Amino acid sequence: MRALQDRVYYGWVIVGVVTLAGFTQVGTFNPILAVFVKPFHDVFGWSRAEVSMGITLGSIGGGLIGPFLGPFIDRRGARAVLLTLQAVYGTCLLSLTFLNGSLIYFVAVFALGRIAAQAGANLANQVAIANWFVRYRGRAMGVTNLGNRLGQAVLPGVAAFLIETAGWRFAWLFLGAQVWILAMVPCLLLMRRRPE
């Protein structure tokens with residue numbers, strides 16, 4: 001085992017952790033929310049415009065918080081920020097299983113989850129890769145972007161299947177649980193700040 005560790009640069013482990021985190025971050029992307037529009041309309045009578053307010057406010061909030069979060073990531077490291085924001089994001093998705101028809105609750109929780117995933121976790125992922133790579137930085141960032149793209153390709157279909165078979169509440173439960181399992185556990189166990 002030690003011989004393998006000596007031959008494989010640990011930065012590629014960081015790439016794996018960040019790629020898994022990116023895969024889970026699509027729970028607040030448009031393709032995921034699109035599969036919930038019809039069930040929300042059928043159950044609560046919400047329009048597409050009402051449902052999309054969470055994305056709009058989360059995107060604005062993420063854009064506003066990014067410049068303030070960057071220096072914090074520089075001081076504390078990507079690991080602490082990733083763990084905190086993934087916990088917020090995962091909890092927001094899990095809490096949508098308890099949605100009871102309050103549009104304000106949905107918009108607030110969804111927007112907060114989007115801010116955590118888009119502004120914070122996405123920025124921390126980039127910093128983590130930049131800290132570990134110089135020569136192969138572009139390649140490493142390209143691989144990590146694959147996680148996000150795979151999430152956008154796979155998770156909407158999974159969510160649609162779960163909505164059809166088990167209901168939309170279970171679909172939110174699944175999306176939140178996969179953040180805790182696929183993003184937080186590897187980050188907790190394997191993420192390191194810098195090679196030195």
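## Asn122

Not counting residues up to four places away in sequence, Asn122 touches Gln25 and Ala117. The model is a predicted one, and Asn122 sits in helix 6 of it. With a relative accessible area of 29%, Asn122 is partly exposed, because that class covers values between the 20% and 50% limits.

Asn122 and Ala153 are separated by 31 residues in sequence. Their C-alpha atoms are 18 Å apart in space.

## The largest pocket

Asn122 also belongs to the lining of the largest pocket, which holds about 230 Å³ of space. The lining consists of 14 residues, and those closest to the centre of the pocket are Asn122, Gln126, Thr144, Asn145 and Asn148.

At least two lining residues come from each of helix 2 (11-24), helix 6 (103-132) and helix 7. Sorted by class, the lining has nine polar residues, four nonpolar residues and one charged residue.

## Thr144

Thr144, another of the residues closest to the pocket centre, is placed in helix 7, which spans residues 137-166. Is Thr144 buried or exposed? Its relative accessible area is 9%, so Thr144 is buried, the limit for that class being under 20%.

Once neighbours within four places in sequence are left aside, Thr144 is in contact with Val15, Val18, Thr19 and Ile129.

## Val17

Val17 is part of helix 2, a helix that supplies at least two residues of the pocket lining. Val17 has a relative accessibility of 3% and therefore counts as buried.

Which residues does Val17 contact, leaving aside its neighbours within four places in sequence? They are Pro186, Cys187, Leu190 and Met191. Val17 and Ala128 are 111 residues apart in sequence, while their C-alpha atoms are 9.9 Å apart in space.

## Helix 3 and helix 4

A pair of packed helices is described by the angle between the two axes and by the distance between them. For helix 3 (residues 30-44) and helix 4 (residues 48-76), the angle is about 145 degrees and the axes are 10 Å apart. The crossing of helix 3 past helix 4 is right-handed.

On the helix 3 side, the contact is made by Asn30, Leu33, Val37 and Phe40. Helix 4 contributes Arg48, Val51, Ser52 and Ile55. By class, the residues of this contact are five nonpolar, two polar and one charged.

How values were computed: Residues are numbered from 1 along each chain as its sequence is written. This is a predicted model: local features need pLDDT of at least 70, side-chain atom pairs count only at pLDDT 80 or more; totals for chains, interfaces and linings use all residues. Side-chain values use heavy atoms; hydrogens and water are left out. Helices (H or I, at least four residues) and strands (E, at least two) are DSSP runs, numbered from the N terminus. Buried means under 20% relative accessible area, exposed over 50%, partly exposed in between (1.4 Å probe, protein chains only). Contact means heavy atoms within 4.5 Å. Axes are lines fitted to C-alpha atoms, for helices over the stretch in contact, and angles run from 0 to 180 degrees between N-to-C directions. A crossing is left-handed if the near helix is turned anticlockwise from the far one by less than a right angle, and right-handed if clockwise. Ala, Val, Leu, Ile, Met, Phe, Trp, Tyr, Cys and Pro count as nonpolar, Asp, Glu, Lys and Arg as charged, and the others, Gly among them, as polar. On a 1 Å grid over the protein atoms alone, a cavity is a set of points where a 1.4 Å probe fits but cannot get out, and a pocket is an open set with protein on both sides within 12 Å along at least five of seven lines; lining residues have an atom within 4 Å of a point. Grid points are joined across faces, edges and corners, and a volume is the space filled by probe spheres set on the points.
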